[in-house]
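Have a look at the structure first.

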Amino acid sequence: MNRDEALASVRQDPHVSVLIVGAGINGIGTFRDLARNGVDVLLIDRADFCSGASAASSHMAHGGIRYLENGEFRLVREAVQERNYMIENAPHIVRPLPTTIPIFRIFSGLLNAPLKFLGLLDRPSERGSLVIKIGLMLYDAYTGRQRTVPRHRFMNRQESLDRWSQLNPAVVHTATYYDGAILQPERLGLELILDAEAENARAHALNYVSLHGQDGQSVVLRDDLTGTTYKVMPRILVNATGPWIDLTNRALGCETRLIGGTKGSHLVLDHAELRQAIGEHEFFFENKDGRIVLIFPLYDRVLVGTSDVAVEDADAVRCTDEEVDYFLGLVKRVFPTITVSRAHIVFRFSGVRPLATSRSRTTGQITRDHEIRVVESGQTGLPFPIYALVGGKWTSWRAFSEQAADKCLAQLGITRNASTRRVPVGGGRGYPASAEERRRLLAHLAEDLHGSDDRAEVLFERYGTRALEVARFEAAGVGAPMPSLPAYSRAEIEFMAETEKVVHLDDVLLRRSMLAMLGRATREGAIEIADVLAGRLKWDSARQEAEISRTLQILKEKHQVEL
Ligand SMILES: Cc1cc2nc3c(=O)[nH]c(=O)nc-3n(C[C@H](O)[C@H](O)[C@H](O)COP(=O)(O)OP(=O)(O)OC[C@H]3O[C@@H](n4cnc5c(N)ncnc54)[C@H](O)[C@@H]3O)c2cc1C
C-alpha cells in the first residue's frame with residue numbers, strides 16, 4: 001500500500017490493535033516486532049522516520065563501557081549482546097569498530113565507582129589504565145560465546161606512538177577494544193519498516209502524520225501534507241515519541257513528567273590529515289574537563305562529539321558556537337599537532353536524548369537504561385492504556401522493542417510466535433558470509449549493471465544485498481550518473497522515491513542518503529534530485545520549488561549548511 005492507500009484504509013476502518021506514535025528507532029522496533037507476530041499495527045510520525053533523537057546519535061553500537069562505573073551491569077550486558085546482534089543482522093550498515101582509548105594516568109579513577117555507589121560523586125576523576133583494564137575485562141566477558149568482535153588489547157606508550165605517529169606523547173597507554181559503527185542509522189530504521197510491511201499486510205507506517213489530540217473515544221491524527229484529520233480507535237497506544245513523550249501524553253489528556261532530556265551535538269569534518277591520523281579507529285576519551293568525547297571515522301569524514309546538556313525544549317536545539325569551539329579544541333588533547341578550524345566543518349547536528357527524569361548530580365550520570373511507563377485508561381478517560389517507551393540507547397532498540405511488544409501481546413492475549421533476535425534486516429538479508437560469496441555477488445551485480453565493477457561496489461556498500469533491487473532500476477531506467485552528483489544515478493533516486501516512502505526532498509538528502517551529512521549536498525544536486533522526485537511523486541513546478549526552498553531552509557537552520 002502506498003501512503004494514500006494506507007490513509008484511505010485508516011478512514012475506512014479506524015480500529016487497530018496497536019497504534020504506535022513516533023517512528024524513531026524504538027517505535028520502529030516495536031512496529032517490526034508486532035508485525036512479525038501477526039498483529040495489526042499502525043505506526044505514525046509527524047516528521048520523517050528516524051528524524052528525531054534517532055538521527056542525532058554518535059553512530060555507536062556500544063555497550064557503554066563507562067556505564068559500568070555507574071554499576072549498570074544489566075544495561076551494559078544487554079547492550080553488548082544487542083551490539084553483536086546488530087553486527088550479525090545488519091552487516092551492511094553496522095560494522096565492527098575498533099575503539100581506542102588514549103590513557104594519560106595509571107591509577108586514577110579507582111574511587112569513582114564506590115563514590116558513585118555512596119552518592120558522593122560530583123565529578124568523576126580521570127580514569128587511569130587500571131580502572132579501564134578492569135572495565136574492558138568485564139566488557140569482553142559480557143560478549144561471552146557470542147564472539148562477534150575481537151577482545152581488547154592494551155599497548156604501552158612506545159607501541160602506541162609507533163602505531164599512531166601523531167598521538168599525544170603524554171599518553172601512558174592506549175587500550176583498543178571493539179564496538180560497532182552504525183554507519184547509516186536512518187537507513188537501518190527505514191529498512192526495518194519496509195521489512196515489517198512486507199511481512200504483514202496489516203502493518204502500515206506513515207510519515208508526516210501527527211498525533212493531533214483525542215475526542216474521548218478515539219485518537220485524532222492529522223496528515224501534515226493535506227491537513228486532513230483521521231480518527232483511530234486503538235486497543236493500545238504506544239507512545240514512542242522520545243523527547244516529546246510528555247507533550248504527547250498531554251495531547252492525550254494526561255500530565256506526566258517522564259522525560260528529562262539532554263542535548264548532544266556533533267560536527268562532521270572534512271579533514272584529510274585527521275582522517276588519516278585516526279585510521280579506521282574511533283578515539284573515545286576523556287577531555288580535559290572530564291567529559292567523554294569521540295573522534296569517529298564516518299566514511300571519508302570525521303565525526304566529532306558530543307555534548308550532554310539538560311534542555312527543556314527538544315524542538316529548539318542547535319549546535320551552538322560554544323559547542324563548536326569545544327569540539328574543535330578536543331582534538332588537540334589526542335592529536336596536538338593537528339589543527340582543526342571552522343573551515344573543516346561540513347555538517348552540524350543536534351538532538352535530545354530522551355532520558356528518564358533524574359536527580360543525578362551530572363548529566364553524564366543519568367541512566368541510559370530504558371523502561372515502559374504505563375498510563376492506565378482510568379487516568380485519561382480513554383478506552384485504551386498508553387505504554388510510554390522512556391529512555392534507551394540506539395544500540396538496545398531491539399531488546400527494548402521486544403519488551404514493549406511482549407507487553408502489547410500480553411494485553412491483546414496473543415502468544416509470541418516469532419522472535420527478532422536473529423532476523424536479518426533489509427540489505428543484510430543474504431549478506432555474503434565469505435570473501436568468495438562476496439566476490440560472486442558483486443560479479444552478479446556488475447553483470448546486472450552492464451559490467452560496471454565500480455558501480456557494483458558502490459551500490460553494495462550503500463545498500464547491501466538490496467543493491468540488486470537498485471541495479472534492476474538502473475537496468476530499466478536512466479543508470480547514468482547525475483550531472484552534479486556523479487556518485488548517484490537518476491534511477492537510484494527513482495528507486496528511493498518508488499520504494500522508500502520519500503515524501504519530501506530533504507528525506508532523500510538527509511536520511512535516504514548520506515549526501516548532506518557527509519557535506520556532499522549542493523544546490524544544483526538538490527535541484528536535480530527534486531526534478532527526479534517530481535516525475536515519480538507527481539509534483540507540479542510549484543511543489544518542486546517549495547521542496548527546494550524547504551530543504552535549503554532546513555539545512556541552513558538546523559545544520560548551518562548554506563547551499
Ligand atoms: C547526541 C546523542 C548521541 C547519542 N549517541 C548514541 C550512540 O552513539 N549510541 C546509542 O546507542 N545511542 C545513542 N543515543 C541515544 C539514541 O539515539 C536514542 O536513545 C534513540 O534514538 C531514541 O529513539 P526514540 O525512538 O525513543 O526517540 P526518537 O528517535 O526521538 O523518536 C521519536 C519520534 O516521535 C516523533 N513525534 C514527536 N511528537 C509526535 C507527535 N505528536 N505525533 C507523531 N510523531 C511525533 C518525532 O518526530 C520522532 O521521530 C544518542 C542520542 C543523542 C541525542
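Predicted model: local features only at pLDDT ≥ 70, side-chain atom pairs only at ≥ 80, totals over all residues.

Residues are numbered from 1 along each chain as its sequence is written, and side-chain values use heavy atoms, with hydrogens and water left out.

**Overall build**

The chain has 19 helices and 20 strands; helices (H or I, at least four residues) and strands (E, at least two) are DSSP runs, numbered from the N terminus. The radius of gyration is 23 Å, close to the 24 Å that the globule rule gives for 563 residues, so the chain is as compact as a globular protein of that length. That radius is taken over C-alpha atoms, and the rule is 2.2 Å times the number of residues to the power 0.38. Along the principal axes, the C-alpha atoms fill a box of roughly 70 × 60 × 45 Å.

**The ligand site**

| Protein side | Ligand atom | Distance |
|---|---|---|
| Aspartate 45, polar side-chain atom | oxygen | 2.6 Å |
| Tryptophan 394, polar backbone atom | oxygen | 2.9 Å |
| Arginine 46, polar backbone atom | nitrogen | 3.1 Å |

The protein covers 96% of the 1,000 Å² of accessible area that the ligand has on its own, going by the Shrake-Rupley method with a 1.4 Å probe.

**A pocket**

Rolling a probe the size of a water molecule over the atoms shows where empty space is left. On a 1 Å grid over the protein atoms alone, a cavity is a set of points where a 1.4 Å probe fits but cannot get out, while a pocket is an open set with protein on both sides within 12 Å along at least five of seven lines; lining residues have an atom within 4 Å of a point. Grid points are joined across faces, edges and corners, and a volume is the space filled by probe spheres set on the points.

The second largest pocket holds about 890 Å³ of space. It has 36 lining residues, and those closest to its centre are Asn2, Arg3, Ala497, Glu498 and Lys501. S7 gives the largest share of the lining, five residues. By class, the lining of this pocket splits into 14 nonpolar, eight polar and 14 charged residues.

**The cavities**

How many cavities of 30 Å³ or more does a search of the whole structure find? It finds two.

The largest cavity has about 60 Å³ of space. Its lining includes Arg32, Glu82, Tyr85 and Trp397. Helix H3 (73-89) and helix H12 (397-412) each supply at least two lining residues, and H3 gives the largest share, four residues.

The second largest cavity has a volume of about 40 Å³. Among its lining residues are Arg83, Tyr139, Asp140 and Tyr178. Helix H5 (residues 129-143) gives the most to this lining, with three residues.

Most residues other than glycine have a negative phi, and most peptide bonds are trans. Cysteine 50, though not a glycine, has a positive phi of about 50°, and sits in the loop between strand S2 (41-45) and strand S3 (60-61). Glycine 305 and threonine 306 are joined by a cis peptide bond, with omega about -5°. Threonine 306 is in the loop between strand S14 (301-305) and strand S15 (309-310).

Definitions and conventions. Polar contact = N/O pair within 3.5 Å; in protein donor to acceptor, adjacent residues only side chain to side chain. Nonpolar A, V, L, I, M, F, W, Y, C, P; charged D, E, K, R; others polar.
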